[in-house]
Amino acid sequence: MNFLRKFFGGKKKEKKKPLSELDLLQKCRSTEQFLIARREILDKNIKKELATIKANIKINRPVALNALKRKKSYENQLSQIDEILLTVIRQNMLALTYVTTNTIPVKSTLDC
């Protein structure tokens, strides 16, 4: 296999260094901020689709049905994001307790 890798110019796999305590906290916070922003966008989209449904319910039923399907899809995405957000918050709290007690293991199992 080394011969083939050298022959075709493949790169060697680089080992990732474990994240430091501060990097881990920063990564969790940035993930949390991204998920909160995404949740706000989905809330806005749900309100927009609801307005479309109300405007077209009597006039144009197919448009209203499509808007209802999109709204349902947005709500499913929102529930998934809420679950992920709860997990990230738990991981952030756990990482914070590790940092305050200075007992973070060398290989951290927390990946946000």
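Reader: Let's start with Ala64. Which helix is it found in?

Author: Ala64 is found in helix α3. Bear in mind that this is a predicted model.

Reader: Why does Ala64 count as buried?

Author: Its relative accessibility is 4%. The cut-off for buried is under 20%, so Ala64 counts as buried.

Reader: What does Ala64 touch, not counting residues up to four places away in sequence?

Author: On that count, Ala64 touches Ile53, Asn56 and Ile57. There's also a C-alpha separation to quote: 7.6 Å between Ala64 and Lys54, which are 10 residues apart along the chain.

Reader: Now Lys71. Where does it lie, and what makes it count as buried?

Author: Lys71 lies in helix α3. Its relative accessibility comes to 15%. Buried means under 20%, so Lys71 counts as buried.

Reader: Which residues does Lys71 touch, leaving out those up to four places away in sequence?

Author: Lys71 touches Ile46, Glu49, Leu50 and Ile53.

Reader: And Thr52, why is that one called partly exposed?

Author: Thr52 has 24% relative accessibility.

Reader: Which helix does Thr52 lie in, and what is it in contact with, leaving aside neighbours within four places in sequence?

Author: Thr52 lies in helix α2. Its contacts on that basis are Val63 and Ala67. For Thr52 and Ala67, 15 residues apart along the chain, the C-alpha atoms are separated by 6.6 Å.

Reader: How do you know that α2 and α3 are roughly antiparallel?

Author: Look at the axes. Those of α2 (residues 21-56) and α3 (residues 61-101) come within 8 Å and cross at roughly 160°. Angles over 145 degrees count as roughly antiparallel, and α2 and α3 are therefore roughly antiparallel to each other.

Reader: Which hand does the crossing of α2 past α3 have, left or right?

Author: Left: α2 passes α3 in a left-handed crossing. As for what sits in that contact, its residues divide into 23 nonpolar, six polar and 12 charged.

Reader: Give me one more residue. Where does Glu32 lie, and what does it touch, not counting residues up to four places away in sequence?

Author: Glu32 lies in helix α2. Its partners are Leu85, Val88, Ile89 and Asn92. The C-alpha atoms of Glu32 and Thr87 are separated by 9.7 Å, though these two are 55 residues apart along the chain.

Reader: Stepping back, what pattern does the chain follow along the sequence?

Author: The pattern reads α-α-α. In total, the secondary structure comes to three helices and zero strands.

Definitions and conventions:
Residues are numbered from 1 along each chain as its sequence is written. This is a predicted model: local features need pLDDT of at least 70, side-chain atom pairs count only at pLDDT 80 or more; totals for chains, interfaces and linings use all residues. Side-chain values use heavy atoms; hydrogens and water are left out. Axes are lines fitted to C-alpha atoms, for helices over the stretch in contact, and angles run from 0 to 180 degrees between N-to-C directions. Helices (H or I, at least four residues) and strands (E, at least two) are DSSP runs, numbered from the N terminus. Angles under 35 degrees count as roughly parallel, over 145 as roughly antiparallel, 65 to 115 as roughly perpendicular and the rest as oblique. A crossing is left-handed if the near helix is turned anticlockwise from the far one by less than a right angle, and right-handed if clockwise. Ala, Val, Leu, Ile, Met, Phe, Trp, Tyr, Cys and Pro count as nonpolar, Asp, Glu, Lys and Arg as charged, and the others, Gly among them, as polar. Buried means under 20% relative accessible area, exposed over 50%, partly exposed in between (1.4 Å probe, protein chains only). Contact means heavy atoms within 4.5 Å.
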